[in-house]
Amino acid sequence: MATENRLKVEPDLDFIQDVLENGGESLKKCFQCGTCSVVCNLAPENSPFPRKEMIWAQWGLADKLTTDPNVWTCFQCGDCSAYCPRGANPGDVLGAIRKKVIEGLAWPSFMGKAVADPQYLPFLLGFPALLILFLLLVTGQWDTPDGPVVFGHMISHIQMNVIFPTFSGLAALAFLIGIDRLWKGASGMSLLEFVPKMDRMRMYEAGKQTITDILAHRDFEKCEANNWRRTAHLLVLWGFLGLLLTTALAIVVLVAHEYAHIDAFGVYPLNWYHPVKLLGIVSGAALVGGSWIMIQNRKEGEVSGDLKSSYFDNLFLYVIFGVGITGLLSWILRLTGWGVLAYPTYFVHLVLVFTLLIYSPYSKFAHFVYRTVALIHKRYEELGAEAAEAGEEAEAEAQAA
Amino acid sequence: MENKLAVYICTGYGIGEAIDVEAMKKVASSEFKADIVKEIGSCEDDDLKAIHKDIESEGITRLVIAGPTFRFYKRNEFPKTVLVDYANIREQVAWCQPAGEEDTQMMAEDYLRMAITKVKKMDYVEPFPDHDKINKDIMVVGGGMAGLTAALECAVTGYKVYLLEKEGQLGGMAARLYKSIPHEAPYQDLEDTGIEALIDAVSNNENITVYTGAVIKKIKGAPGMFDVTLESGENFIAGAIIQATGWVPADPDHLSHLGFKQIPDVVTSVKFEEMAKSGKIVRPSDGQPAASVLFVQNEGSPEPDQFSYSSSINSLNALKQALYVREKNPNGKAYVVYDHFKAPGHNELFYKSAQQDPGVFMTKGNVVSVEESGGKLKALVDDTLLGEDLEISVDMVVLGVGMVPIAADGEKIRIVIDAKATIAKGEEGAQMDMAKKNLEEYKKHEGTAILNLDYRQGPDLPSLTWGYPDSHFICFPYESRRTGIYPCGCVRSPMDLQGAQEDAMGAALKAIQCVEVTSRGEAVHPRAGDQSYPEFFLQRCTQCKRCTEECPFGVLNEDVKGTPLPNPTRCRRCGVCMGACPERIISFKDYSVDMVANMIKAVEVPDEYDEKPRVLLLACENDAYPALDQAGVLGISYSPFVRVIPVRCLGSVNIVWINEALSKGYDGIILMGCKHGDDYQCHFVKGSEMMVARSSNVREKLQQMALEDERVALHEIEITDYERVPQIINEFMETIEEIGMNPFKGM
């Protein structure tokens, strides 16, 4: 009867409408049988999902979902949807909920809304395009130079590498604020409160386990219905990480050459057999291959009804694919020496890279960060519970002795 | 008329291989001196035609066919000039006993003896007198959806209808509804009730006479001749009655903890419906629109019975009213908290579609309190599907209320009348104490009468536990325990408008069946077409009133002395009166105490030293007898020492038959009837129960004769018990073997 521990219900009709319109159109079909929670191989025993997430979403309880770490435990593998007797497709609904959660965690919040809404797409793409055009205008070479294609001639790598970290920093700040919101919802403490109090060894262990699990896609392995997604996603993830590393190494090579005049690491443009270049080529191929498989399979999933894709999903996927394919094409065209094609392609590549980067905290890209954080939190809590249990047992034993 | 007995022994269906047909023929010709004894190859097609030909050419008056079970033949297969019986030597001998055995042969011969004995005792069945003078008009009580539909259906079929409505205008509860749940594919959108059009159709139908503000003062008579007098003095005769008196909302006084009668903005679902109908869903307290409404469909009170009248209709109604909230306000929020949500049949589609509405929020849960808080209502809900206890803030709370049938319990009213009469006599003693106790217990029934029937057993239909008129609602919907009176609509069971319409059509057909069949002098139900009826040899009546008390259908009234006054059109021909009568003065032309007693005696009972016991099995012909036949069809064998006699109902078994059998030397008696009790299966409602009541007399008789209690066994059998029935017989035989033979053999 007590009033204090009660959930005060105030359904958010707009939230419901948004979930319905973004891949979760089957949300209201759920009649709470709980089959989904039973078939889900990832649902934790003490807090199974997605049944309760389904009714929270049906009741428009946006706050509950924004801070629910379980939303991030789901990989939309589709096992629950395959077994759902009502066609409520909880997997797809959770995908739509994650989209709403990313929007809810967004800072500044208008960015969350802008990225989520297709009508702002021209502005989203226009901004990086204008930015690079502006750079071209003030520092680069406007027309396509004759002779061998050297992208550094069109736009200075160094300048690029100044702009790049600026936006990376902004994105990182937005992520930090989002993580703080997520953390506060999940644990009741902001990071500022939490970090001084945390058990560092436990956090290290939780981080290590979570990240190795993610890198190996161990949770994804447990999925049955859409198992193909594991390979494709693994390719994209490793491709992306490889390209990040490539970029970092390339900056090292460049800086060493330009400022320290050390050519031992190689000289721009790097030969195809240069280790950094090789890493880039292989990673780019993985990214393109993985994302292409995903695009194809999502199309098939849409037709068969096994996997719903929203604008939010597709935007991210096509940008990733675009980044990869334009990157590879730029390289090939550079080798062919067709400046007329090579320079515009490179331009598009840069626009897409910036699109990916600038909007990362608001696009589906954010799942890369929020999921990792949510899973670390979850693992941290689990390890704590295990330790407490072990402690209790030890205490009981000691008492018995 | 000259008596000419013909006996046909069928040799087909494996009978010829199982038994000695010549010996059978000898039984007919030498023991019973049959005029014609013939073999036939089968009992269908040309063989059957040959029998028909013989009947015509030979002038046969009594006919016995030894072959398949009587259930094999059409009713009235043979002309009325011939008295017929069938010895069941196919299903119950040839198909369930080893061929060529002595015991098999004895069994077949005994069945032939019993059939010939029966046919010799039978008399020609004539319909009851004046059957052709019955009235075929139909009275409908109640002018709601069911009553209007029933009246219109009868009227368009060509029957004159009297429609009675107690209110000043037609329409009943249906006229108070804003909309109806969907009844047409795809079962998604709320529909108009259609009641106005129906009222118009009824009002403009010249076959229908409408009485509004009508109260029944008295209904005398019986089906085909109900003599109805209204309080207003009007009087008419009707042949059958349809009771469509509908329902009232249960009083949710027990929901005061949810604010009922305490908080103005807490209303019943019926009140909410009226608000929707008036076009304004507003808070009664301040007249402001109710944008968020909580519909309570749950228990949450310590009273266990409070939702006794809850049903799927309550669930669907809550869904419908939730959509009203959404219809009136696009930002409206409707919460439905339920304990059990029931949306049977195609209503599942309505549930699915209503669930799609983003503003409808449903959860199982328990609303524990409602209180006013800051101009709104704060409802606390426990045990929800959201995994937490909730606090919901709403403008209004709607309590789903159960549907209580508007019916009177005739039997209870009669108890009150009798108790008052006893008390008025003023004689002290046990009877007086009983009367006072009864009056205390049943006083609330006084003055509740609706039909005011002039029936000895009470002025209204007998009721079931929750006040619904008693009927076997699965097998025999619309039936009641009063022939010619058919309840339909919500008085019979909670139902929606479409359900009420369908129900009304069923009841209309029953009423029409009643007047038509009665006008031919036949029984209506369940022995439809049976023209026999019980006749009373009143010179020997001792006015013991057992027949008038025990008749499950209130057929018999009494004169002042207690002599039964028969009403053949109320009768269902079960024979319970015949079984009850200690003087054995009640008989049918084709079914009597004497006839069955003679059949029992016709069996040859071997003496003690033959070690061939005999057991009499009296089997209800509705379930037990077909189960025995089916055992034969499946070739399941059982003891050959059993002799089966079908009875109309176990309630028609007169104790005399048991006495006769024991005196004759039968070693035991098995009685097989239908399940009785609250969930009875008996076609005649009380028949098998009556037999149980009488069995104390049987036990007494056994004691008198110094016989073991186990010699008489009573079993409840369903038609599907064909595997159990042979087991019961065999186990009984083992019991007999243990306790030994009946010492009265050969006496």
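Let's start with one pair of residues: B:E391 forms a salt bridge with A:K8, and their closest N and O atoms are 3.7 Å apart. That distance qualifies because the rule asks for a side-chain nitrogen of Lys or Arg within 4 Å of a carboxyl oxygen of Asp or Glu. Keep in mind as you look around that this is a predicted model.

How many salt bridges does the rule find across the interface of chain A and chain B? It finds five. Polar contacts join the two chains as well, with a count of 18 residue pairs between chain A and chain B, both residues being at pLDDT 80 or more. On the side of chain A that touches chain B, the elements giving two or more residues are β1 (7–9), α1 (13–21) and α3 (51–58). Sorted by class, this side of chain A has 13 nonpolar, four polar and nine charged residues.

Now follow β1 of chain A. Three bridges join β1(A) to strand β19 of chain B, residues 390–394, and the two strands run parallel. Within this pairing, A:L7 stands opposite B:L390 in β19(B).

Finally, step back to the whole contact. Chain A brings 26 residues to it and chain B brings 29. The size of an interface is often given as the accessible area lost when the parts come together. Here, chain A and chain B bury about 2400 Å² between them, and 54% of that lies on carbon and sulfur atoms. Which three residues supply more of the area that chain A buries against chain B than any other three? They are A:R6, A:K28 and A:W59, which supply 30% of it.

Terms used:
Residues are numbered from 1 along each chain as its sequence is written. Chains are lettered from A and ligands numbered from 1 in the order in which they are written. This is a predicted model: local features need pLDDT of at least 70, side-chain atom pairs count only at pLDDT 80 or more; totals for chains, interfaces and linings use all residues. Side-chain values use heavy atoms; hydrogens and water are left out. Contact means heavy atoms within 4.5 Å. Buried area is the accessible area (1.4 Å probe) that two parts lose on being put together, summed over both. A polar contact is a pair of N or O atoms within 3.5 Å; within protein, one must be able to donate a hydrogen and the other to accept it, and residues adjacent in sequence count only if both atoms are side-chain atoms. Helices (H or I, at least four residues) and strands (E, at least two) are DSSP runs, numbered from the N terminus. Ala, Val, Leu, Ile, Met, Phe, Trp, Tyr, Cys and Pro count as nonpolar, Asp, Glu, Lys and Arg as charged, and the others, Gly among them, as polar. Two strands pair if DSSP finds at least two bridges between them.
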